[in-house]
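Keep the 3D view handy as you read.

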Amino acid sequence: MGNNNKVTSREVDSKVIDLNSSASAGNRTVAVHFTTEHNNQFCDFTDLLLQYVKESKVSNGSLNLYTPHTTTCFIINEAETGYINDFHSSIEDIIPSEKYYEHDDWDKRTENMQEDEFKNGRSQVRASIVGSTNVTIPIVDSELLLGRWQRIFFVELDCSRDRRFFAQIIK
Amino acid sequence: MGNNNKVTSREVDSKVIDLNSSASAGNRTVAVHFTTEHNNQFCDFTDLLLQYVKESKVSNGSLNLYTPHTTTCFIINEAETGYINDFHSSIEDIIPSEKYYEHDDWDKRTENMQEDEFKNGRSQVRASIVGSTNVTIPIVDSELLLGRWQRIFFVELDCSRDRRFFAQIIK
Amino acid sequence: MGNNNKVTSREVDSKVIDLNSSASAGNRTVAVHFTTEHNNQFCDFTDLLLQYVKESKVSNGSLNLYTPHTTTCFIINEAETGYINDFHSSIEDIIPSEKYYEHDDWDKRTENMQEDEFKNGRSQVRASIVGSTNVTIPIVDSELLLGRWQRIFFVELDCSRDRRFFAQIIK
């Protein structure tokens, strides 16, 4: 059984940029750049990160993932469509889209207003409650210690946006 | 006051396996294996981990805990029966057991079906929202910097299962 | 636009204490001590932590933040009053103050009772669900990799209390 085509379709095109200057010593860090397509998109970066760990040839250490956005998170869970739909449905129950958010009340708000301001009050509250801003996964003998069903998802809690995250190997 | 017997009863029998090959340098990692008994079980590994940190003789560093399962999490909080019951009651309110989960709809689902598939849609959603897949605790002068009331719990969000987690010391 | 006065007002007076003995090698750790004023206070430690990272002159590594309390958390998000009010309103919807908490039922409870026990059942459940007990942020070429809108908040989920957190640089 299983449906590898569907699993594969959660991968997104991305560009990896090395952040370390040639002069810097110690841990290696990259930024992964990509564009999300829709709210509740689970972007699967497992294969890219497994490859990154393999190439880094770190025998013992850890992989730290960090999102610099206020409306995204990391979730490590199963690549299964039903679960992802259940997550979306539960989030809508818990932190509904159709509710008053003071963050989106532009008659009232005075701080940090932008020309292209999004209405994303629900997304910032969701990012404060679900998933994690960072996750640190152990590496032993060059292997990332993911469980059998675990996939590493960058989750879009807002709408389609240009996004990036940082992946750092600590040894 | 206090009731040490009850606190102690949250400990579970476990087996610790060293993951590092003799040839590997750097950080030390173990896998802790055990069997959980029921949904919402808070398994207290504080004493085992304090001993592990003590024996590791790392003067400054951190302890990283990681669960490789999709229906468990770490929660650091108080070993008090009322709180643990309150957590269970709140989780039932927020992500109810009695609700439609597409992950458990085997007429619809096509991905990752197993011979012994569990109905655990609620558990995967819960694991995406409560607690953490990993937690990193500082160590200073060989002491783990836990607060007075903090205990380290591995929380079972599914039913009785064989489980493990990884404990890695980073120095 | 923006309103720097309001943003600045989220900063709290604090005292920083070095935890490392002069004899200890490796990573540097400090404890930041302060007093919170009210429930749902978002205490902004971004500037203090940026300065700490700058002074530490670590070219590549990470900053690990850890709270030793059972009724607080870290949230990395935007310093905007509407969002902070939305967070409070959503938490009240999800884990209400007006509800029975067994942790606060002193006729029933037998464990860990203190002379000055607070009624904080809701706060411990909230701390198990929202935010994080720890967060690890990458440092590259002496720069903390925070996003444009990200601020580092220590969030009070109980009432006014003496608090502290640990900030550790891992290189």
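Over all chains, the disulfide count is zero, where a disulfide is a pair of cysteine sulfur atoms within 2.5 Å. Bear in mind that this is a predicted model, in which local features need pLDDT of at least 70, side-chain atom pairs count only at pLDDT 80 or more, and totals for chains, interfaces and linings use all residues. Residues are numbered from 1 along each chain as its sequence is written, chains are lettered from A and ligands numbered from 1 in the order in which they are written, and side-chain values use heavy atoms, with hydrogens and water left out.

In chain C, C43(C) is in no disulfide either, with the nearest cysteine sulfur, that of C73(C), 11 Å away.

| Residue | Relative accessible area |
|---|---|
| C73(A) | 0% |
| C43(C) | 0% |
| T29(B) | 0% |
| A79(C) | 5% |

## The sheet and its helix

Now for the sheet. Helices (H or I, at least four residues) and strands (E, at least two) are DSSP runs, numbered from the N terminus, and two strands pair if DSSP finds at least two bridges between them. Chain A has an open sheet of six strands, ordered β1-β2-β9-β4-β6-β7, and the pairing is antiparallel. Its edge strands are β1 (14-18) and β7 (143-144) of chain A, each pairing on one side only. In general, strands of a sheet pair through backbone hydrogen bonds, either parallel or antiparallel.

Further in, β4 (residues 60-66) and β6 (residues 134-140) of chain A pair in the antiparallel sense over seven bridges. Look for L65(A): its bridge partner in β6(A) is V135(A).

Helix α2 (residues 46-56) of chain A lies across β1, β2, β4, β6, β7 and β9 of chain A. The helix runs at about 35 degrees to β9(A), with axes taken as lines fitted to C-alpha atoms (for helices over the stretch in contact) and angles running from 0 to 180 degrees between N-to-C directions.

T29(B) sits in strand β2 (residues 28-35) of chain B. Leaving aside neighbours within four places in sequence, T29(B) is in contact (heavy atoms within 4.5 Å) with residues including V140(A) and L145(A) from chain A, and Y52(B) and F166(B) from chain B.

A79(C) is in the loop between β5 (72-77) and α3 (81-94) of chain C. Its C-alpha atom is separated by 12 Å from that of G147(C), 68 residues apart along the chain.

## How the chains meet

Chain A contributes 46 residues and chain B 37 residues to their contact. Together they bury about 3300 Å², 48% of it on carbon and sulfur atoms; buried area is the accessible area (1.4 Å probe) that two parts lose on being put together, summed over both. N60(A), D86(A) and W149(A) supply 15% of the area chain A buries against chain B, more than any other three residues.

Chain C can be laid on chain B by a turn of 120 degrees and a shift of 0.0 Å along the axis, with an RMSD of 0.0 Å; copies are superposed by least squares on the C-alpha atoms of residues with pLDDT of at least 70 in both. That is the relation of a three-fold axis. Only 14% of the interface residues of chain C are also interface residues in chain B, so these copies meet through different surfaces.

Notes. Buried < 20%, exposed > 50% of the residue type's maximum accessible area, 1.4 Å probe, protein only.
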